[in-house]
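Here are my notes on this model. Please read them with the structure open.

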Amino acid sequence: MNMFLRLNPANSAAGFSLLPNSLKKGVRIVKIQESGENYLETVLILEKKNGTVRSVDVANYLGVSKPSVSRAMSVLKKAGLISQESYGDIYLTEAGRQKAEAVLHRHRLISKFLRLSVGIDEETADRDACRIEHVISDATEDGMRRYVAELEKEKA
Ligand SMILES: [Zn+2]
């Protein structure tokens, strides 16, 4: 996989932005921000649930307008993360799917961690997880994973 996806908290004006990095030859660095990750995650969740994904479903799920979804999808399409014929169904590309799966995986881990470690209710844990998932380091994620595994071992 020759694509790196990184958070770009400094660049929030447009919601998210894509900056191809020409410093490393042959390596394309795409930066997508929090909202881009949330859109990818949502496309994956809706795909698992409904089979096909339409813009209107994404808009309803996230509580955003259809023009916002269109804008986000055109950026994700340029980044090679989704494919969509004009106003047609939305499909994840292989790179998009990898990214979406990683975000969803992190979401589930964080939600579980919040519920098991400090007893947060599921709804709050999910809401918080969907924000925390974009900003934690790999080290924190690993720590949470070990902690959850320990707790589950104790319970078993
Ligand atoms: Zn999430």
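1. In helix α3, the buried residues are Val69, Ala72, Met73, Val75 and Leu76. Buried means that 20 or more other C-beta atoms lie within 10 Å of the residue's own; exposed means 12 or fewer, partly exposed in between, with C-beta atoms placed from the backbone. They sit on the same side of α3, because they cover an arc of only 160° around the axis. That arc is taken over the directions from the helix axis to the C-beta atoms.

2. The face of α3 turned away from the buried side carries Pro67, Ser74 and Lys78, which are exposed. Cover for the buried residues includes α1 (34-50), α2 (55-62), β3 (82-84), β4 and α4 (94-118).

3. Helix α3 spans residues 66-78 and has 13 residues. From first C-alpha to last, α3 reaches 18 Å, close to the 18 Å expected at 1.5 Å a residue. Just after α3, Gly80 has a positive phi of about 75°.

4. This is a predicted model: local features need pLDDT of at least 70, side-chain atom pairs count only at pLDDT 80 or more, and totals for chains, interfaces and linings use all residues. Residues are numbered from 1 along each chain as its sequence is written. Mean pLDDT (the predictor's confidence in each residue, from 0 to 100) is 83 for the protein chain, and 79% of its residues reach 70 or more.

5. Treat the strands separately. Confidence is lowest in β1 (residues 3-6), at a mean of 40, and highest in β4 (residues 90-92), at 97.

6. The protein chain has six helices and four strands. Helices (H or I, at least four residues) and strands (E, at least two) are DSSP runs, numbered from the N terminus.

Definitions and conventions: The expected span of a helix is 1.5 Å times one less than its number of residues. Two residues are in contact if their C-beta atoms, placed from the backbone, lie within 7 Å.
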